[in-house]
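Please read them alongside the structure below.

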Amino acid sequence: MKKSANPLSLETQTDKKIWLSSPHMGTDERKYVDQAFESNWVAPLGPNVNGFEEDIVNFTSCGYAAALTSGTGAIHLALDMIGVNPGDFVICQSFTFSASANPIRYLGGIPVFVDSEEETWNMCPKALSNAIKACIDGTIASNYPALGLDKHGQLPKAIIPVDLYGMPAKMSEINAVAKEYGIPVIEDAAEALGSSIGGQYCGTFGDIGIFSFNGNKIITTSGGGALVSKHRKFVDKARFLATQAREDAPHYEHRELGYNYRMSNICAGIGRGQMQVLEERVNRRREIFDAYKDFFMSIEGVTFLEEPEGFFSNRWLSTFLIDPKKTGGINRETIRLSLAEKNIESRPLWKPMHLQPVFQSFPYAGGNISKTLFENGLCLPSGSNMESTDLDRISGVLKKIFKH
Ligand SMILES: *Cc1c(COP(=O)(O)O)cnc(C)c1O
């Protein structure tokens, strides 16, 4: 059913829900899934898994890729391979989804959260450097006595920067700091497949990168993730650990703790179809972002995150900041609630991890940048399957709020 684009008719519509970001299938997903059924490859592993991994490698030039059950699982495996043990420091961007940090705790590690900078909203290289120094010289151990840490300090085991909302983090600065201390970098590119810096794709900047194919991401396998690296040993080891760390023997022989994290051949079939439309999906998300930006252009107090020189964002979610002092008191909640009334989903920006009850007792390095982003930012519906009538409905609500 086509809906009228006439904003005057908005009041009378019983409107279908507009989601923040919902799955958007292409044309060949079913073909690959059918092939799996026809050949009875209804299992973890199989030709679609291999094909999907090849697609990821070919698209991103990441070197090697292992398809897994989730992005969270990919981070868990990365930290395990790097050798994170109970009591080890792992530095993590605070402004992110909890899945970036949860696996640190699965292994008993101590997350050290780091603030963002304003140009990308991602990990601040300066705050990172300060955090590492505070880990090494024992400042963190003495400032957080409840953690019962060794007062001599210790070198962090890993650094997890995030390319949030598709915007690449300042990876060359972050890598430079990491290299100075010889700390491995795990790039959480869960939201940033298709984003790049200077033509190099996100996920490929660290020692290990991870992607997510959860239902709300830029492409989906219904649920899934990938671990990628230019080092073959990491990807081989990830595949091994993800299949219960089964040794090469006729019986089941295990020397290490394993996981059940391998992607199924059915999900990978969806992924193969989705990889064919990834570029289209990125283009559409960027179009939606530009439409919002145009809409808000003349409204004072609303700002969008620009791409720094050479940075390319997949604009996974369209986000903006609002300054209630400049909008006559209109804040992110005014907008969120007005949209919700019309059955339109929007969401505040990620609440930083250092402010989350579950992580509050862990160390934090930085100021109030991520906190301010959380307080003043909103994500608007951004799905690549949104129609222009959906955008009309959204701008209709916004027009009313801003009497525009
Ligand atoms: C989605 C997401 C993850 C986790 O991915 P799943 O596949 O949902 O486990 C990790 N980090 C970030 C930043 C995410 O947005």
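1. Domain 1 and domain 2 bury about 3800 Å² between them, with 68% of that area on carbon and sulfur atoms. Buried area here is the accessible area (1.4 Å probe) that two parts lose on being put together, summed over both. On the domain 1 side, Trp121, Tyr165 and Ile218 lose the most area to domain 2, together 22% of what that side buries.

2. The model is predicted: local features need pLDDT of at least 70, side-chain atom pairs count only at pLDDT 80 or more, and totals for chains, interfaces and linings use all residues. Residues are numbered from 1 along each chain as its sequence is written, and side-chain values use heavy atoms, leaving out hydrogens and water.

3. The domain assignment gives domain 1 as 29-275 and domain 2 as 278-401; such bounds come from an automatic or database assignment. Their C-alpha centres lie 25 Å apart. The contact (heavy atoms within 4.5 Å) takes 48 residues from domain 1 and 39 residues from domain 2.

4. Zero salt bridges are counted between the domains, a salt bridge being a side-chain nitrogen of Lys or Arg within 4 Å of a carboxyl oxygen of Asp or Glu.

5. By class, the side of domain 1 that touches domain 2 has 27 nonpolar, 13 polar and eight charged residues. In this scheme Ala, Val, Leu, Ile, Met, Phe, Trp, Tyr, Cys and Pro count as nonpolar, Asp, Glu, Lys and Arg as charged, and the others, Gly among them, as polar.
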